[in-house]
Amino acid sequence: MTDSTQHDTAPAYGTGDATYQAAGGIEGITALVDRFYALMGTLPEAATLRAMHPEDLSGSKRKLAYFLSGWMGGPKLSKEHFGPITIPEAHKHFPVDMQSKEAWLLCMERALIELDYPEAFRRYLMKQLAVPAEVIRARAEMEARNRS
Ligand code: HEM
């Protein structure tokens, strides 16, 4: 998961905790997740995605921020606080389709832009996030087909 398009002396994203550090540690990730969910509440494209979530987003925010911490090479807060999860399994009962997957990625991309992360970091992270997002969609659609 290294990125040869980085031009500074920092370790490449994906190496050790470089991604976590570039995100600003848990404070940066918390701000990113807050902005992500704020956008989910306002972007028309994300209305269906928002409706999959509870009214009170505090638990959803904490779970996502803690997960991203470990996923980016930082402290494994999700595992510590909530125990191990597998991402496709955790989403299989939600009606995720191409539209809601794209909406999730759109909210994240807009949040990264609004928080002024460098373009190279945004591109790297969006490429990485698209991988689990696609696995989630494929798994959820398979579950939905099996139920019908
Ligand atoms: C494909 C688009 C996605 C959709 C539609 C989606 C939707 C959801 C929904 C509706 C929840 C439940 C929130 C709650 O009950 O509080 C959730 C939880 C969660 N999502 Fe996603 N999500 C997507 C992608 C992702 C990605 C790419 C990641 C990580 C890289 C992620 C990480 C999580 C985590 C860690 C939780 C908490 C799971 C748990 O502890 O049960 N999601 N997601």
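The backbone nitrogen of Gly14 lies 2.8 Å from a polar atom in the side chain of Thr19. Thr19 belongs to helix H1, and this briefing covers a predicted model.

**Thr19 and Leu125**

- Thr19 counts as buried because its relative accessibility is 4%, under the 20% cut-off.
- Residues up to four places away in sequence aside, Thr19 touches Tyr13, Gly14, Met72, Phe121, Tyr124 and Leu125.
- Beyond its neighbours within four places in sequence, Leu125 is in contact with Thr19, Trp71, Met72 and Leu112.

**The largest nonpolar core**

- The largest nonpolar core has 33 residues, and the members that touch the most others are Ile29, Phe36, Leu68, Trp104, Met108 and Leu112.
- Two or more residues of this core come from each of helix H2 (25-42), helix H4 (58-71), helix H7 (98-114) and helix H8 (119-147).
- In soluble globular proteins, nonpolar side chains tend to be buried together.
- Leu112, one of the residues with the most core partners, touches Leu32, Tyr117, Phe121, Arg122, Leu125 and Met126 when residues up to four places away in sequence are not counted.

**Helix H4**

- Helix H4 has 14 residues and spans 20 Å from its first C-alpha to its last, close to the 20 Å expected at 1.5 Å a residue.
- The buried residues of H4 are Ser60, Leu64, Ala65, Tyr66, Leu68, Ser69 and Gly70.
- These buried residues pack against helix H1 (18-22), H2, helix H5 (77-82), H7 and H8.
- Leu68, listed among the buried residues of H4, is also among the core members that touch the most others.
- After H4 comes Gly73, which has a positive phi, near 95°.

**The ligand and its iron atom**

- There are 18 residues around the ligand, and Leu49, Ser60, Lys63, His91 and Trp104 come nearest.
- His91 (NE2), at 2.0 Å, is the only protein donor of the iron atom of the ligand.
- His91 is located in helix H6 (residues 87-91).
- A polar atom in the side chain of His91 is also 2.8 Å from a nitrogen atom of the ligand.
- The side chain of Trp104 has an N or O atom 3.3 Å from a nitrogen atom of the ligand.

- Ser60 lies in helix H4, and a polar atom of its side chain is 2.6 Å from an oxygen atom of the ligand.
- Ser60 counts as buried because its relative accessibility is 14%, which is under 20%.
- Apart from neighbours within four places in sequence, Ser60 is in contact with Tyr37, His53 and Pro54.

Key:
Residues numbered from 1 in each chain as written. Predicted model: local features only at pLDDT ≥ 70, side-chain atom pairs only at ≥ 80, totals over all residues. Heavy atoms only, no water. Donors = N, O, S within 2.8 Å, 3.2 Å for Na, K, Ca; no water. Helix = DSSP H or I, 4+ residues; strand = E, 2+ residues; numbered from the N terminus. Core = buried A, V, L, I, M, F, W, Y, C linked by side-chain atoms within 4.5 Å. Buried < 20%, exposed > 50% of the residue type's maximum accessible area, 1.4 Å probe, protein only. Contact = heavy atoms within 4.5 Å. Expected span 1.5 Å × (residues − 1). Polar contact = N/O pair within 3.5 Å; in protein donor to acceptor, adjacent residues only side chain to side chain. Near = heavy atom within 4 Å.
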